[in-house]
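Biologist: Before we discuss individual residues, I would like each label to be set against the cut-off behind it. Could you take me through the model in that way?

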Amino acid sequence: FGERASPVYGGEPLISDRIFDRVEAEMRDSFERMERMSREAEERASRTGAGPQTYRKESSSEESFAGGGYRRTYSSESVTVWTGNGGAYNASASSQMPGNFFGTAAFLALAVVYARGCRQFWDGYSRTVYKEDEASQKAVLTLGWPVLRALSSTYRAEFDKATKTKGTTTTEDPNQ
């Protein structure tokens, strides 16, 4: 990075050019330090093989300029390295966690509810006010039913019409 000469100021580099060059050099040095720290952390973690390890570095500085003004900097760096057998993350250990069964069961239950809603809305689409000839609209309305049902009262009413079982009628009790 050479200094650029300004023809306006007698061939001298502009102050902004010198500042820019200095900031650029500081950024390059900072990136090189981060890369070096990351490599060192990975090497230490691979030697220990002790699971996740986090390395942190924080620094701050303040600099006053001769013509007035100042600059304050603060930086924080954090690297987390996951190791296990042979330096790789051991996924089998996480699958043995007791809470994993309940999470999987909850996910499967939600998937079944979602699929059932999709199927019922798709089959009952003709009972809604939406146009039957627009397949892309039908697909979007079917696949997006949880969000649309939660956000739109109109869609909610149409969804309820579509998902009613054929041959079922609801009668309101006049005594209520």
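**Labels and their cut-offs**

Modeller: Of the contacts in the chain with a separation of 6 or more, 43% are between residues 24 or more positions apart, where contact means heavy atoms within 4.5 Å. This is a predicted model, in which local features need pLDDT of at least 70 and side-chain atom pairs count only at pLDDT 80 or more, while totals for chains, interfaces and linings use all residues. Residues are numbered from 1 along each chain as its sequence is written, and side-chain values use heavy atoms, with hydrogens and water left out.

Biologist: How many helices and strands are there in the chain, and what makes a run of residues a helix or a strand?

Modeller: Both are DSSP runs numbered from the N terminus, a helix being H or I over at least four residues and a strand being E over at least two. On that basis the chain has six helices and two strands, in the order α-β-β-α-α-α-α-α from the N terminus.

Biologist: In which elements is confidence lowest and highest?

Modeller: By pLDDT, the predictor's confidence in each residue from 0 to 100, helix 2 (residues 91-94) is lowest with a mean of 46, and helix 6 is highest at 91. Over residues 85-97 the pLDDT is below 50, and this stretch has eight contacts in the model beyond near neighbours in sequence. The chain averages 75, with 69% of the residues scoring at least 70.

Biologist: Why is Thr142 called buried?

Modeller: Buried means under 20% relative accessible area, exposed means over 50%, and partly exposed lies in between (1.4 Å probe, protein chains only). Thr142 has a relative accessible area of 4%, and is therefore buried. Thr142 belongs to helix 4 (residues 135-143) and, not counting residues up to four places away in sequence, touches Cys118, Phe121 and Trp122.

Biologist: Why does Thr163 count as buried, and what is Thr163 in contact with beyond four places in sequence?

Modeller: The relative accessibility of Thr163 is 18%, so this residue also counts as buried. Thr163 is in helix 6 (residues 153-163), and its contacts, leaving aside neighbours within four places in sequence, are with Gln120, Phe121 and Arg127.

Biologist: How do you know that Glu26 forms a salt bridge with Arg71?

Modeller: A salt bridge is a side-chain nitrogen of Lys or Arg within 4 Å of a carboxyl oxygen of Asp or Glu. The closest N and O atoms of Glu26 and Arg71 are 3.6 Å apart, which meets that limit. Glu26 lies in helix 1 and Arg71 in strand 2 (residues 70-81), so the pair ties together parts that are 45 residues apart in sequence. Glu26, at 38%, is partly exposed, as is Arg71, at 21%.
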